[in-house]
Amino acid sequence: MKVDVNKLVKNFLDYFLPGKCFDEFLAFNFFEGNCLPLLISRLLGVGITVGSCLLFVPQILKIYQAKSAEGISLASQLFGLVSCSAVAAYSYEKKFIFGQWGDSFFVGLQTVLIIMQILYYSNSGAFNAFLFGLFYFAGVLSVVYHFVPIKILNAFQTATLPITFISKAIQIYANYSQKGTGQLSLISVFMQFAGCCARVFTSIQETNKDWLILAPFILASILNGIIFVQMIWYSRSTTKLEEEMKKKKIR
């Protein structure tokens, strides 16, 4: 099978510099129209999507190594899963570019793994963990093959604002009440915070300021920032708690 290199290069340039932007850049008119912000948005979108593939890997590995999901709120993860899944499904149906919502898709898959870990390492067991993963996979297929009406997707996307608030507020309160952050990963939390901030910018550029997409990212940026500050603030007490747990296991 012969690969058309010229076509690949053209598609690549059209993605990052659509319309007349490529010609404007060749003429060194970098600040002409909306071309420069759009280029930055596309680069950020690709970067965030690629980075999202590894976003929760540190968290998943930390749970696996500890054989425990203590300190991680199941309710918070479920709300978060609904939120990112709604963004991906709504954006897919609205035909936004993949770079705008690909991170939500990959974050959703990783969140499913975390929820399955929580179920597996709790009293629910392996069967319920597997059943949950199967249920989510069926939901993904129903969206891909357009079995879900756009009105329902609009409703889900509208619901992401309160869902985002509730999911993060639960984790914030859990951290506050425990005076620690348990098995939460600092790297994953920081990447969530940075990614949401960048998504505010890309959403303005790519969705024509669609507030159904933009508002949840603004709220998530603020709440993820609070969780990140909590992780730094409670880092000492979390370390002490982990040491006490290790001593109990030794005994």
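Visitor: Which residues of H9 are buried?
Guide: This is a predicted model, by the way. In H9, the buried ones are Ser188, Val189, Gln192, Gly195, Cys196, Ala198, Arg199, Val200, Thr202, Ser203, Gln205 and Glu206. They pack against helix H3 (35-52), H4, H6, H8 and H10.

Visitor: Why is Thr202 called buried?
Guide: Buried means under 20% relative accessible area. Thr202 has 0% relative accessibility, so it counts as buried. You'll find Thr202 in helix H9, which covers residues 186-206.

Visitor: What makes the link between Thr202 and Arg199 a polar contact?
Guide: The cut-off for a pair of N or O atoms is 3.5 Å. The side chains of Thr202 and Arg199 are joined at 2.8 Å, so the pair is within that limit. Leaving aside residues up to four places away in sequence, Thr202 also touches Ser41, Leu44, Gly45 and Gln100.

Visitor: How do you know that the span of H9 is close to what's expected?
Guide: H9 has 21 residues, and at 1.5 Å a residue the expected span is 30 Å. From its first C-alpha to its last, H9 reaches 30 Å. Asn208 follows H9, and its phi is positive, near 55°.

Visitor: Where does Thr207 lie, and why is it called buried?
Guide: Thr207 sits in the loop between H9 and H10. Its relative accessible area is 6%, and the cut-off is under 20%, so Thr207 is buried. A polar atom of the Thr207 side chain lies 2.5 Å from the backbone oxygen of Ser203. Thr207 touches Phe96, Gln100 and Ile213 as well, not counting residues up to four places away in sequence.

Visitor: What about H8: what span is expected, and what does it reach?
Guide: Helix H8 (residues 150-178) has 29 residues, with 42 Å expected at 1.5 Å a residue. H8 reaches 41 Å from first C-alpha to last, which is close to that.

Visitor: Where is the kink in H8?
Guide: At Leu161, shortly before the proline Pro162, and the kink is about 40°. Buried residues of H8 include Leu153, Gln157, Thr160 and Ile163. The buried residues of this helix pack against H5, H9 and H10. Just after H8, Lys179 takes a positive phi of about 55°.

Visitor: Which residues touch the most other members of the largest nonpolar core?
Guide: That core has 24 residues, and the ones touching the most other members are Phe56, Leu81, Ile114, Phe132 and Ile227. Helix H4 (57-66), helix H5 (74-93), helix H6 (98-120), helix H7 (125-144) and helix H10 (211-233) each supply at least two of its residues. H6 gives the most, with 6 residues. At least three residues come from each of domain 1 (33-148) and domain 2 (149-250).

Visitor: What does Phe132 touch?
Guide: Leu78, Leu81, Val112, Ile115, Met116 and Leu119, if you skip residues up to four places away in sequence. There is also a second, separate core of 9 residues, including Tyr90, Phe96, Val200 and Phe217.

Visitor: How is the chain divided, and how many residues take part in the contact between the domains?
Guide: The chain splits into domain 1 (33-148) and domain 2 (149-250). Their centres, taken over C-alpha atoms, are 13 Å apart. The contact takes 44 residues from domain 1 and 40 residues from domain 2.

Technical notes: Residues are numbered from 1 along each chain as its sequence is written. This is a predicted model: local features need pLDDT of at least 70, side-chain atom pairs count only at pLDDT 80 or more; totals for chains, interfaces and linings use all residues. Side-chain values use heavy atoms; hydrogens and water are left out. Helices (H or I, at least four residues) and strands (E, at least two) are DSSP runs, numbered from the N terminus. Buried means under 20% relative accessible area, exposed over 50%, partly exposed in between (1.4 Å probe, protein chains only). A polar contact is a pair of N or O atoms within 3.5 Å; within protein, one must be able to donate a hydrogen and the other to accept it, and residues adjacent in sequence count only if both atoms are side-chain atoms. Contact means heavy atoms within 4.5 Å. A nonpolar core is a set of buried Ala, Val, Leu, Ile, Met, Phe, Trp, Tyr and Cys residues joined through side-chain atoms within 4.5 Å. Domain bounds come from an automatic or database domain assignment. The expected span of a helix is 1.5 Å times one less than its number of residues. The bend at a residue is the angle between axes fitted to the seven residues ending there and the seven starting there.
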